[in-house]
Amino acid sequence: MTVWICSACGVEHANMARPPARCAICTDERQYVPTGGQQWTSIREMTGRFAGSFTEIEPELSAVQVSPSIGIGQRGLLLRSPAGNVLWEPPAYLDQQMIDAARELGGVAAIASSHPHLVGCSVTWSKAFDGVPIYYAESDRRWIRRPDDQIRLWSGRQQVLPGVELVQCGGHFPGSAVLHWAEGAGGRGVLFVGDTLMVNADRTTVSFMRSYPNLIPLPERLVRQIADTVGELEFDRIYGAFDGKVIDSGAAAAVRTSAARYIGWLRDEIRDPDEE
Ligand SMILES: [Zn+2]
Ligand SMILES: [Zn+2]
């Protein structure tokens with residue numbers, strides 16, 4: 001029996017003798033099957049060829065990365081708090097060296113992700129830390145690929161630990177969420193956003209999409225819903241899903257102006273100055 005991991009999205013699947021014929025995550029219109037076709041791997045197959053690292057990126061926050069990149073290649077985040085550590089969007093790999101490194105930082109008390117694309121091998125991580133809870137949005141439950149007793153379904157708002165809260169925004173998936181860390185950025189507040197908001201290449205604006213790889217936009221209603229929900233939170237910094245995708249400060253204003261720009265283009269209310 002093997003816990004199969006889809007090589008394209010990095011999502012682990014239930015323990016089975018043979019891998020599934022296809023990955024439901026990758027055949028959904030929001031993702032894609034690579035040109036090489038559906039491929040599966042496993043932690044056993046990756047061990048020795050992959051390595052993980054924890055790098056502090058601000059006080060009490062470490063980036064969790066795996067090299068070479070596996071699946072979507074998100075950069076996980078390990079947030080240290082007095083009540084325990086939250087692991088956000090774990091990568092699709094874990095080995096003893098990573099377990100030891102995480103333990104040295106205080107271990108893992110809870111696991112959460114923004115949406116079904118970025119769960120990696122959350123259940124494997126949970127089991128390595130004595131079965132800590134994994135928060136999964138109730139609205140997206142049909143996308144759970146590896147059911148487990150530690151999965152806690154939630155909706156609306158969910159405190160993960162004191163000062164650390166999941167907030168459902170919807171859009172990319174109905175259950176798409178952000179994680180709000182009140183004490184982050186020197187007490188100015190931080191959001192971990194996954195794909196709920198996309199930190200753009202300019203690192204000063206964000207975008208909102210049903211599908212990022214297949215470029216399917218969202219309607220005004222959902223862009224407004226995300227911006228309004230996030231607008232109720234106190235924050236100054238945003239960490240996107242990938243290395244370097246950070247809006248260091250002024251992030252609350254960036255979300256407001258980015259949403260207004262997106263809606264302006266949807267409504268055909270913005271003109272390129274070069275357009276006659
Ligand atoms: Zn997949
Ligand atoms: Zn996604």
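How many bridges join S14 to S19, and do these strands run parallel or antiparallel? In this predicted model, four bridges link S14 to S19, and the two strands run parallel. Within this pairing, Gly194 stands opposite Gly240 of S19. The pair belongs to an open sheet of six strands, arranged in the order S11-S12-S13-S14-S19-S20 with mixed pairing. The edges of the sheet are formed by strand S11 (157-161) and strand S20 (246-247), each of which pairs on one side only.

In general terms, the strands of a sheet pair through backbone hydrogen bonds, either parallel or antiparallel.

Helix H6 (residues 220-231) contains 12 residues and reaches 16 Å from its first C-alpha to its last, close to the 16 Å expected at 1.5 Å a residue. Its buried residues are Val223, Ile226, Ala227 and Val230. Seen down the helix axis, these buried residues fall within an arc of 90°, so they line one face of H6. An α-helix has 3.6 residues a turn, so residues three or four places apart point the same way. The face of H6 turned away from the buried side carries the exposed residues Arg221 and Asp228. The cover over the buried residues of H6 includes strand S13 (177-181), strand S14 (190-194) and H7.

Helix H7 has 16 residues and reaches 22 Å between its first and last C-alpha atoms, close to the 22 Å expected at 1.5 Å a residue. Buried residues in H7 are Ala251, Ala254, Val255, Ser258, Ala259 and Tyr262. They cover an arc of only 125° around the axis, which puts them on the same side of H7. These buried residues pack against S14, strand S16 (206-207), H6, S19 and S20. After H7 comes Asp268, whose phi is positive, near 60°.

Further strand pairings involve strand S9 (residues 134-137). From S9, Ile134 and Tyr136 point one way and Tyr135 and Ala137 the other way, and all are buried. Strand S8 (residues 110-112) pairs with S9 in the parallel sense over two bridges, and Tyr135 in S9 is the bridge partner of Ala112. Between S8 and S9 the chain crosses through helix H4 (residues 122-128), giving a β-α-β crossover that is right-handed. S9 also pairs with strand S10 (residues 151-154), again in the parallel sense, over four bridges. Here, the bridge partner of Ala137 is Trp154 in S10.

Ala112 also features in the largest nonpolar core. Of the 73 residues in this core, Val86, Ala112, Leu179 and Leu191 touch the most other members. Helix H7 (residues 251-266) supplies the largest share of the core, five residues. Leaving aside residues up to four places away in sequence, Ala112 touches Val86, Trp88, Tyr135, Val160, Leu166 and Leu179.

Some backbone details complete the picture. The peptide bond from Ser67 to Pro68 is cis, with omega near -5°. Pro68 lies in the loop between strand S5 (61-67) and strand S6 (76-81). Asp130, a residue other than glycine, has a positive phi near 65° and sits in the loop between H4 and S9. With 10 other C-beta atoms within 10 Å, Asp130 is exposed. Ala185 likewise has a positive phi, of about 55°, although it is not a glycine. Its place is in helix H5 (residues 184-187). Is Ala185 buried or exposed? With 21 other C-beta atoms within 10 Å, Ala185 is buried.

Definitions and conventions:
Residues numbered from 1 in each chain as written. Chains lettered and ligands numbered in written order. Predicted model: local features only at pLDDT ≥ 70, side-chain atom pairs only at ≥ 80, totals over all residues. Core = buried A, V, L, I, M, F, W, Y, C linked by C-beta atoms within 7 Å. Buried ≥ 20, exposed ≤ 12 C-beta atoms within 10 Å, placed from the backbone. Contact = placed C-beta atoms within 7 Å. Expected span 1.5 Å × (residues − 1). Arc of directions from axis to C-beta. Pairing = 2+ DSSP bridges. Right-handed = clockwise from strand over helix to strand, strands pointing away.
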